There are 2 protein chains.
Amino acid sequence: MSRDELTKIMLPEEKIPKFWYNVQADMPTLPPPGLNPQTMQPLAPSDLEPIFAKELIMQEVSQERWIEIPSEVRDLYKQYRPSPLFRARQLEKALDVNSKIYYKYEGVSPVGSHKFNTALPQVFYNKIQGIKRIATETGAGQWGTALSLACKLFGLEAMVYMVKVSFYQKPYRRSIMEVYGAKCVPSPSNLTEAGRRVLEKNPDSNGTLAIAISEAVEDAIKRDDTNYSLGSVLNHVCLHQTVIGQEVKMQLEMVDDYPDVVIACCGGGSNFAGITFPFIPDKIAGKNIRLVAVEPAACPTLTRGVFAYDYGDVAGMTPASMMYTLGHDFMPSGIHAGGLRYHGDSSLVSQLYHDGLIEAVAVMQNPTFEAAMLFAQTESIVPAPESAHAIRVAVDEALQAKKEGVSRTIVFNLSGHGFLDLGSYDMYLSGKTEDVALSDTELQESLKSLPRV
Amino acid sequence: MSRDELTKIMLPEEKIPKFWYNVQADMPTLPPPGLNPQTMQPLAPSDLEPIFAKELIMQEVSQERWIEIPSEVRDLYKQYRPSPLFRARQLEKALDVNSKIYYKYEGVSPVGSHKFNTALPQVFYNKIQGIKRIATETGAGQWGTALSLACKLFGLEAMVYMVKVSFYQKPYRRSIMEVYGAKCVPSPSNLTEAGRRVLEKNPDSNGTLAIAISEAVEDAIKRDDTNYSLGSVLNHVCLHQTVIGQEVKMQLEMVDDYPDVVIACCGGGSNFAGITFPFIPDKIAGKNIRLVAVEPAACPTLTRGVFAYDYGDVAGMTPASMMYTLGHDFMPSGIHAGGLRYHGDSSLVSQLYHDGLIEAVAVMQNPTFEAAMLFAQTESIVPAPESAHAIRVAVDEALQAKKEGVSRTIVFNLSGHGFLDLGSYDMYLSGKTEDVALSDTELQESLKSLPRV
């Protein structure tokens, strides 16, 4: 290995973005307004005040292009930002391709994923409004961990409803949330009406993000001192994650490069939004760049869902938004990328997909772990199973370019490390992970839960 | 929180040290020579050739002050080095002290601990000598993980004998080694004579590092394509870790500071050596600086052991070295800092302790976890239980300074993160961790295993 074979592209601290980039300022079509779940009439911002901080509601509907990052949040970003951009030279070599593969590494945050980027501002805005406690849901546990730490740092209590299948698949996720002082319960729980309703129908329910959201929202509505916080999907969450893509642009400029394709896994959409939205203006201006969202074949929201109004949660307590969705009753199989099992997608991501500005692809579980293993053994970092979806497609893109006899610049977001996901790797290594694609029958069934608008 | 409340002190890539610092060049007294375990006569370097790469043997006995880091190793250091030095402002605030507390964070390595600093050069020197396979032992699993990845990056096979109690306490450690392509078995195993001998006497043996070392050494002796690799204790391992302390000195210079006290946990001694040895010349020159090794009260090698010749392993296959030791038959209780359960200590560290150049202190398990929790909730990083020993003493030093009405500059090495140690935190949080100190009877018993010289 020679001097040039390892590349870490670092920005100085002062290059941490001072503003978040709001894609709503540049979208050719804005998503239609959210609907009040009771009246199915367009939502007024004030409808959200019982559960969200005012500043976050303003960000949700803002069309300002740049929104300033509060200094209190930016100071905490400084512990781990700017995050490194790596050139994956060892991976390129192992694949024997001449495309350039770069990855942005968000696993350097103290909680090990990009989720901390939005946990900090969400808790901050709640704190300055006098809120004392935050209720939230978590799937794989990345979000719950980030929210727990952010709450501890700003002196708020955290209450986390964790999708039951992940709660038991990843017991150390609960542990780390408790280390950060949070309370974490498996969802469906008997602490809420929404949870009890699910348990009555199906005491063995594995849980879903949509159920856990219902529980957390109900918790927040019931208590004056408590607000609700969501780790993806919403416009303000996508907004906060744009620090990622802004840094990537500056880092690529440092090496005089520009991507042909930017790839990220897509669950609720904020990770994908974070790295790709800052490239949307270039795309609109006619730049030849592809932005690719990767989802599991077991939960193919963009690639096989419908573009329709749906609720964000199972009980229909959240506003109905226009999105690609599999139906809020959708019950995904227990694949190991717990963060990618959500029935819907961010309205912003959905609209951009609908308008052809972004692409989507669905991949199976085993080829994804295969790519993750190759990555770990060449680039040294064990990726989170969610992030491995992006690796799979980055590898496929590089191989495809080779087949076409061209060299491309491929960038993907390594949204988190897999130190807390080693149980999943164990399953893969012992041949126990299945390749499950959603069946048409299941899809048609779950689409029946779409609300009438 | 204001702008000044978070400080990450970063060095540019070109400041990664180009040389390791060899403390043997400056020690007032060199440790007496190691003894051949068969003859108990002073060891010739060639006695080590059946199991170690020649370059490592030369480093073991070298008295050159600076030893150049091969560019192949330094290139791989670049993925994670220079590691950050943080000012622990939130911890200081929580403790309400006016001392300055800094921590060097080695958890940024892809394997999550400082062990990678020596795994890379060890495997590299074996590779250029044509060795195809490395056998090693691991306690908590940090070392085995580092060695596994280094082997994979340089294209060698790794065979890891893991202390049985840790193998079952930390199942994901085996998983990550397997992700990196290594083979990992619980020790004592029935793959070696040394393992079988222990199992005959005690089929339920929890294992010890000393047993696992015997197994790995036997494995390496038996196979021509295989060498042995040790993750701590030896002179060359301490040498490789000095990149840590060299960076710390430069980082403190950047903020115009110098430590009153440098603290690190001490198992075999290489982590402690890594951060403190570069300060030894200053100490010898009369600088007012204290270098403090922290060990668990359950395995108090420096604070309660004897300074004598002892073997590094249970079977007496390794050379006998002059060291502080509890006797190589010592069976530590199953505390959660698996990396600190070794019966002996590095000869270099032992000699420096004997000569009064360094200090040592032993701490209990529960106060250590208490400090770890406080650290996680203020500084955001969940520390490895081993590293938490250093935190405990750093906190105590800051509180003591407050009592004395003075402000001190306290630096400690946060040698690794605790993402794979959350089971231990779980035990602590549920009140199941015990405060165990070694009893005099146990100590006298295990000292009987010291060889006659």
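In the predicted model, helices H5(B) and H7(B) are roughly parallel to each other, a label given to angles under 35 degrees, with over 145 counted as roughly antiparallel, 65 to 115 as roughly perpendicular and the rest as oblique. H5 covers residues 142-154 of chain B and H7 residues 171-179 of chain B; their axes come within 8 Å and cross at roughly 10°. Axes are lines fitted to C-alpha atoms, for helices over the stretch in contact, and angles run from 0 to 180 degrees between N-to-C directions. Helices (H or I, at least four residues) and strands (E, at least two) are DSSP runs, numbered from the N terminus. On H5(B) the contact is made by Gln142(B), Gly144(B), Thr145(B) and Ser148(B), and on H7(B) by Arg173(B), Ile176(B) and Met177(B), where contact means heavy atoms within 4.5 Å. Two of these residues are nonpolar, four are polar and one is charged; Ala, Val, Leu, Ile, Met, Phe, Trp, Tyr, Cys and Pro count as nonpolar, Asp, Glu, Lys and Arg as charged, and the others, Gly among them, as polar.

Residues are numbered from 1 along each chain as its sequence is written, while chains are lettered from A and ligands numbered from 1 in the order in which they are written. Because the model is predicted, local features need pLDDT of at least 70 and side-chain atom pairs count only at pLDDT 80 or more, whereas totals for chains, interfaces and linings use all residues; side-chain values use heavy atoms, with hydrogens and water left out.

The contact between the chains takes 48 residues from chain B and 48 residues from chain A. Chain B and chain A bury about 4,400 Å² between them, 60% of it on carbon and sulfur atoms; buried area is the accessible area (1.4 Å probe) that two parts lose on being put together, summed over both. Two salt bridges are counted between chain B and chain A, each being a side-chain nitrogen of Lys or Arg within 4 Å of a carboxyl oxygen of Asp or Glu. Asp426(B) forms a salt bridge with Arg174(A), and the closest N and O atoms are 3.2 Å apart. On the side of chain B that touches chain A, the elements giving two or more residues are helix H2 (71-77), H5, H7, helix H15 (365-379) and helix H17 (422-429) of chain B. H7(B) gives the most to this side, with six residues. By class, the side of chain B that touches chain A has 25 nonpolar, 11 polar and 12 charged residues.

Over all chains the structure holds 44 salt bridges. In the bridge between Lys222(A) and Glu218(A), the closest N and O atoms are 2.8 Å apart. These two residues are separated by about one helical turn, because they are four residues apart in helix H9 (residues 209-222) of chain A.

Also in chain A, helix H16 (residues 365-379) and helix H17 (residues 385-404) pack at an angle of about 90°, with their axes 8 Å apart. H16(A) and H17(A) are therefore roughly perpendicular to each other. Their contact has eight nonpolar, two polar and two charged residues.

A cis peptide bond joins Arg81(A) and Pro82(A), with omega about -10°. Pro82(A) lies in the loop between helix H2 (71-77) and strand S4 (85-87) of chain A. In chain B, the peptide bond from Arg81(B) to Pro82(B) is cis, with omega near -15°.
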